Amino acid sequence: MAISSSSDAAILGLGVVLAALYLFKDQIFAAAKPKSVAVPSASKGANGHGNPRDFVAKMKEGKKRLVIFYGSQTGTAEEYAIRIAKEAKSKFGLTSLVCDPEEYDFENLDQVPEDCAVIFVMATYGEGEPTDNSVTLMENLKDKSFEFSNGEHKLEGLKYVVFGLGNRTYEHYNAIARIVDQELTEMGAVRIGERGEGDDDRSMEEDYLAWKDAMWDALAKDMNVEEGQGGDTPDFVVTVLDEHPEEKVYLGELSARALTKTKGIHDAKNPYPAPIAVARELFEKGADRNCVHIELNIEGSGITYQHGDHVGVWPSNPLTEVDRLLCALGLFDKKDAVIGIESLDPALAKVPFPVPTTYATVLRHYIDISALAGRQILGVLSKFAPSPAAEAFLKNLNTNKEEYAKVVADGCLKLGEVLQLAAGNDLKATPTTANTTPWSIPFDIVISNIPRLQPRYYSISSSPKLHPGSIHVTAVVLRYQSVHNPHVPERWIYGIGSNFLMNVKLAHNSEDEPLISEPSGLGEPGVITPNYSIEGPRGAHKEGKTYKVPVHVRRSTFRLPTNPKTPVIMVGPGTGVAPFRGFVQERVALARRSIDKNGPDALADWGRISLFYGCRKSTEDFLYQDEWPQYESELKGKFKIHCAFSREPPYKPDGGKIYVQDLIWEDRKNIADMILTGKGYVYVCGDAKAMSKQVEETLCRILGEAKGGTAEVEGAAEVKLLKERSRLMLDVWS
């Protein structure tokens, strides 16, 4: 075909050029092409350099021979993990990486170098459950299909140490530490020393001290190190700041948002100062105890909760104990000096509270000076004693376990009191610089050895369905007597959290009555009842006549079944009834909606709701006595409360007291029917030491009998099945 025009020729020429470009593109554009760069694959075998979740890479980069993982719910396991790291450094010069397992991956656990070791400090939470931050770690260890970087579920030759934290009053004592030990052994790992198990019901501290020396001996041998290679180096540097803007100094604020008064999410790191709406006494006048009912206003805070959740209350230390320790440390006249605190090894010891701050603020708001003085710290402090006699006294308490138990543990002595006692000061007198001998203890040692002041948790005693804008707290005020010893006579000891709330209640109602009536013969002149700085930092916890309490909500799995047709059995003597008030309110709210929608017979097919409650006397400590009849009426007979009054008739035929487990046995026919036929749920809240165990034993008897067998076999099997299916749930404490 002839070319008909110049435009056709141009198009044809363009086509030839494009074809040539395509055919010779590699040669033409080779110079412009960038050189290929090898990109490391994200395979399991990669060292993960730069990956913040790769603990092995961090160990190598920081030349750490120990990595310590802690499973902690309330902070105690973390404290022990840090203690172990500090001791490894001071004894052997070994540096450690202390890790929250939630922040790391475990595929390369098999890559820990041969000259290194892994230490697991694991708390057992609830009914044999891992703490929230160790759930993934436990899943990885137990899952046989989980592969490490070697392509297998094996950890051949991995050196490890295990220390568990538990409470012997619970059925699954130290279950998590035992599981970690078992799983690691099955995978070929090699344990260093014996597994340690701390019992919070007796003395976690003593169990740790009894375990650690043999563990260190075994670790030194396996790691080829000798004691004395470390040094007594401080964790922190404390500096007095001569000039610092007052508005930037933390005076008890728990977060930067609280200091700057900016809005944000309220949680454990940023508690909400909740105004007190109601504060009243629940026990009758004349009772020898107190129990406070507090209603916290959370409207506009963004805080939500469900029935069965816990509220964390952030108390401060009693003013007397703050002054006592300030005087003993020789800091009373400098208490308001502004200080900065810097960690010398942030990987090992982070500054545990916000800074800059003041000496007084640290002791009042940030560290737990109200706790029992630990035996180990007394040895550290003895070298700073003001006299040879005081030094010898502390050294004896540090090395003599029996003497420590008799003087410090039985006497319930706080650190400030031990320092006063060692120096020969009068513990009964209001502490002043004139009657308290000063010690030359560096403040960084105090910060390093006293744990952070933690919130006190209470079961929420309301339902958001009835009280969407408030959280109710029911707290018996803890007050008990110490054991007499030659150094410290019998005296009253006050729990920090509940007495803090009692102070708030008294202030809210403008009451100046004593905390509780003094039983005859026990009140002594000069005995100091605790008072707190309840107005908060810079008066932030008081607005007009309204007081505020810093709080946050901790989620719980302690929940009602969603279907109201399912029978419910609740056992809660004393303040163990708190969550069940919320449970019943939850059902009342649902009943109101159901009746409004479906008429008066809407609850006809609902399951029975039985509450077994116990207290001393119906006329003295019957909690919420006026509310239960109202709930029974609104729930149209579906709810019934069974009450055991241990100190009033009727008694057992042999004169013994009647408790909740006795009422459960009396109602065994209905109990068995609700559980076995109705597939009901059982909830127990309260004392773990005796009550919850006896309730479980009674359930075994009932279910064993109903199954035509024994409590030990058929009954125990049914109770075990209930727990496995989350139909028997416990919220207990010791």
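**Salt bridges across a predicted chain**

Good morning, everyone; let me begin with the chain as a whole, where buried residues make up 50% of the 734 residues. Please keep in mind throughout that what you see is a predicted model. The secondary structure of this protein chain comes to 22 helices and 24 strands, and its C-alpha atoms fill a box of roughly 120 × 80 × 60 Å along the principal axes. If we take the contacts between residues at least 6 apart in sequence, 77% of them join residues that are at least 24 apart. As for the surface, the chain exposes about 34300 Å², and carbon and sulfur atoms supply 52% of that area.

Let me turn now to charge. The chain carries 84 positive and 101 negative side chains, and the centres of these two sets lie 2 Å apart. Side chains of opposite charge can pair when their charged atoms come close. How many salt bridges does the structure hold? The count is 41, and I would like to walk you through a few of them.

One of these joins R538 to E253, with the closest N and O atoms 2.6 Å apart. R538 sits in the loop between helix 16 (496-508) and strand 18 (542-543), while E253 sits in the loop between strand 8 (236-240) and helix 8 (256-260), so this pair ties together parts that are 285 residues apart in sequence.

D621 belongs to the loop between strand 21 (609-615) and helix 18 (628-634), and R289 to the loop between strand 9 (272-281) and strand 10 (291-297), so parts 332 residues apart in sequence are tied together by the pair. D621 is buried, with a relative accessible area of 3%, and R289 is partly exposed at 24%.

My last pair is a salt bridge between E705 and R668, whose closest N and O atoms are 3.8 Å apart. E705 lies in helix 21 (residues 691-706) and R668 in helix 20 (residues 668-677), so the pair ties together parts 37 residues apart in sequence. E705 is partly exposed, with a relative accessible area of 47%, and R668 is partly exposed too, with 29%.

Finally, some salt bridges share partners, and in this way R178, D181, R191, E194, R195 and E197 are joined into one network.

Note on methods: Residues are numbered from 1 along each chain as its sequence is written. This is a predicted model: local features need pLDDT of at least 70, side-chain atom pairs count only at pLDDT 80 or more; totals for chains, interfaces and linings use all residues. Side-chain values use heavy atoms; hydrogens and water are left out. A salt bridge is a side-chain nitrogen of Lys or Arg within 4 Å of a carboxyl oxygen of Asp or Glu. Helices (H or I, at least four residues) and strands (E, at least two) are DSSP runs, numbered from the N terminus. Buried means under 20% relative accessible area, exposed over 50%, partly exposed in between (1.4 Å probe, protein chains only). Contact means heavy atoms within 4.5 Å. Accessible areas come from the Shrake-Rupley method with a 1.4 Å probe; for residues, only the protein chains shown count as cover. Lys and Arg count as positive and Asp and Glu as negative; His and the chain ends are not counted. The place of a charge is taken as NZ of Lys, CZ of Arg, CG of Asp or CD of Glu.
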